[in-house]
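Please look at the structure shown here before reading on. The paragraphs that follow lead from the overall fold to a single link between two side chains.

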Amino acid sequence: MDVVPWENSSGGKGIECRVPEGCAASYRFDRAAGWYDMDVEYFDQNNGESRYRIFINDQLVDEWVANGLLPARKPGGDSSSRRRIKGLALRPGDEIRIEGFPDRDEHAGLDFITFRAQKAH
């Protein structure tokens, strides 16, 4: 999907789901094995309550409902939100799958994911 203005997302683009059954986006982890925190940047609008689930391979590691009290009715800077998932053991080749389930006019929008290696203690 296009996000306007373009600077409110990654290069003016995001992904969305417009089917009630939900959609999935996946990524193959390509960094060194270790413990990571993962940030999911998504769009949380005030005209729906989309649901999200995160899997590593086939293991559910997090889920939430996008029901914050943000002022936006469309994807953009006012609806951009971040979910941090801490302490994931990841190895090269692991599949990270994000499932999104839209609700009303909120289409389970996603912008990007990032990984931060946890420091050794």
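The protein has 0 helices and 7 strands, where helices (H or I, at least four residues) and strands (E, at least two) are DSSP runs, numbered from the N terminus. Along the sequence the pattern reads β-β-β-β-β-β-β. The radius of gyration, taken over C-alpha atoms, is compared with a globule rule of 2.2 Å times the number of residues to the power 0.38. For this protein the radius is 15 Å, close to the 14 Å that the rule gives for 121 residues, so the protein is as compact as a globular protein of that length.

This is a predicted model, in which local features need pLDDT of at least 70 and side-chain atom pairs count only at pLDDT 80 or more, while totals for chains, interfaces and linings use all residues. Residues are numbered from 1 along each chain as its sequence is written, and side-chain values use heavy atoms, with hydrogens and water left out.

Of the 121 residues, 40% are buried; buried means under 20% relative accessible area, exposed over 50%, and partly exposed in between (1.4 Å probe, protein chains only). A contact requires heavy atoms within 4.5 Å. Among contacts between residues at least 6 apart in sequence, 78% join residues at least 24 apart.

A disulfide is a pair of cysteine sulfur atoms within 2.5 Å, and the count here is 1 disulfide. Cys17 and Cys23 form a disulfide, with their sulfur atoms 2.2 Å apart. The link of Cys17 and Cys23 is right-handed, with 70° about the S-S bond. Cys17 counts as buried because its relative accessibility is 3%, whereas Cys23, at 29%, is partly exposed.
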